[in-house]
Amino acid sequence: MGDIKVFIDSNIILKHLNGTLDLAPLRAKHNLYTNSVVLSEVLYVYLKAKSGLKSYQLKAKPKEITKRKKELEELFLFFEAFIVLDITEETNKIALDIVIQNGLLPNDALILATCILNGITHLLSFDDDFTSPCKKENIELSSSIDELSF
């Protein structure tokens, strides 16, 4: 595997899962990283899409979730292709600073803080809210596998 560390955001994983983007070539060359925030976002969007329910409706119907046990387990297994990094107390502190200084939403700040603490130099995301904070932290933000400069 290459020395470049690439963090994969939830929107990229969702595109991979719906077949509009293929992470396999990137995974063949580099270790791919993520965290539990991304796992949670992917599971949540997946559940909403599969159930056809809005957030508040899904929360009120736990059977819509539990009946998808096998699908959720398979989705969880997909995350074995990634190195899932921990969110620590230090991650939380850095994320709070990022929220305050850059106006990023908390989940995005946790993603960026995870990158900072783990020496990740590339973030693959369609979320352009990362643009300015990534520049400040010397993290290359890409929205396409082809854009990655390695």
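Predicted model: local features only at pLDDT ≥ 70, side-chain atom pairs only at ≥ 80, totals over all residues.

Colleague: Okay, which residues form one aromatic cluster?

Modeller: A search of the whole structure turns up 3 aromatic pairs. In one of them, Phe-78 and Phe-79 sit 5.8 Å apart centre to centre with 85° between the planes, which is edge-to-face. The ring centres of Phe-78 and Phe-82 are 5.5 Å apart with planes at 70°, so that pair is edge-to-face too. The one aromatic cluster is made of Phe-78, Phe-79 and Phe-82.

Colleague: Is Phe-79 buried or exposed?

Modeller: The cut-off for buried is under 20% relative accessible area. Phe-78 comes in at 16% relative accessibility, so that residue counts as buried. Phe-79 has 5% relative accessibility, and therefore counts as buried.

Colleague: What is Phe-82 in contact with, leaving aside its neighbours within four places in sequence?

Modeller: Phe-82 is buried, as is Phe-78. Phe-82 is also listed with Phe-79 among the residues with the most contacts inside the largest nonpolar core. Leaving aside neighbours within four places in sequence, Phe-82 is in contact with Ile-8, Ile-13, Leu-23, Leu-32, Tyr-33 and Thr-34.

Colleague: And how many residues does the largest nonpolar core have?

Modeller: In soluble globular proteins, nonpolar side chains tend to be buried together. Here, the elements giving two or more residues to the core include strand 1 (2-8), helix 3 (36-51), helix 7 and helix 8. Among the residues with the most contacts inside the core are Phe-7 and Leu-123, and its size is 39 residues.

Colleague: You mentioned helix 7. Which helix do its buried residues pack against?

Modeller: Helix 7 (residues 89-102) reaches 20 Å from its first C-alpha to its last, close to the 20 Å expected. Its buried residues are Thr-91, Ala-95 and Ile-98. Looking down the axis of helix 7, these fall within an arc of 60°, so they line one face of the helix. What they pack against is helix 8 (106-117).

Colleague: Which residues are exposed on the other side of helix 7?

Modeller: Start from the buried ones, Thr-91, Ala-95 and Ile-98. On the other side of helix 7, the exposed residues are Glu-89, Lys-93, Ile-100 and Gln-101.

Colleague: What about helix 8, which residue follows it with a positive phi?

Modeller: Helix 8 has 12 residues and spans 16 Å between its first and last C-alpha, close to the 16 Å expected. Buried residues in helix 8 include Asp-108, Leu-110, Ile-111 and Cys-115. Helix 7 is followed by Gly-103, with a positive phi near 70°. For helix 8, the residue that follows, with a positive phi near 65°, is Gly-119.

Colleague: Last one: what is the radius of gyration of the protein?

Modeller: The protein has 9 helices and 5 strands. Its C-alpha atoms fill a box of roughly 45 × 35 × 25 Å along the principal axes, and 39% of the 150 residues count as buried. The globule rule gives 15 Å for 150 residues and the protein comes close to that, so it is as compact as a globular protein of that length, with a radius of gyration of 16 Å.

Methods. Residues numbered from 1 in each chain as written. Heavy atoms only, no water. Helix = DSSP H or I, 4+ residues; strand = E, 2+ residues; numbered from the N terminus. Expected span 1.5 Å × (residues − 1). Buried < 20%, exposed > 50% of the residue type's maximum accessible area, 1.4 Å probe, protein only. Arc of directions from axis to C-beta. Contact = heavy atoms within 4.5 Å. Phe/Tyr/Trp six-rings, centres within 6.5 Å; stacked < 30°, edge-to-face > 60°. Core = buried A, V, L, I, M, F, W, Y, C linked by side-chain atoms within 4.5 Å. Rg over C-alpha atoms; globule rule 2.2 N^0.38 Å.
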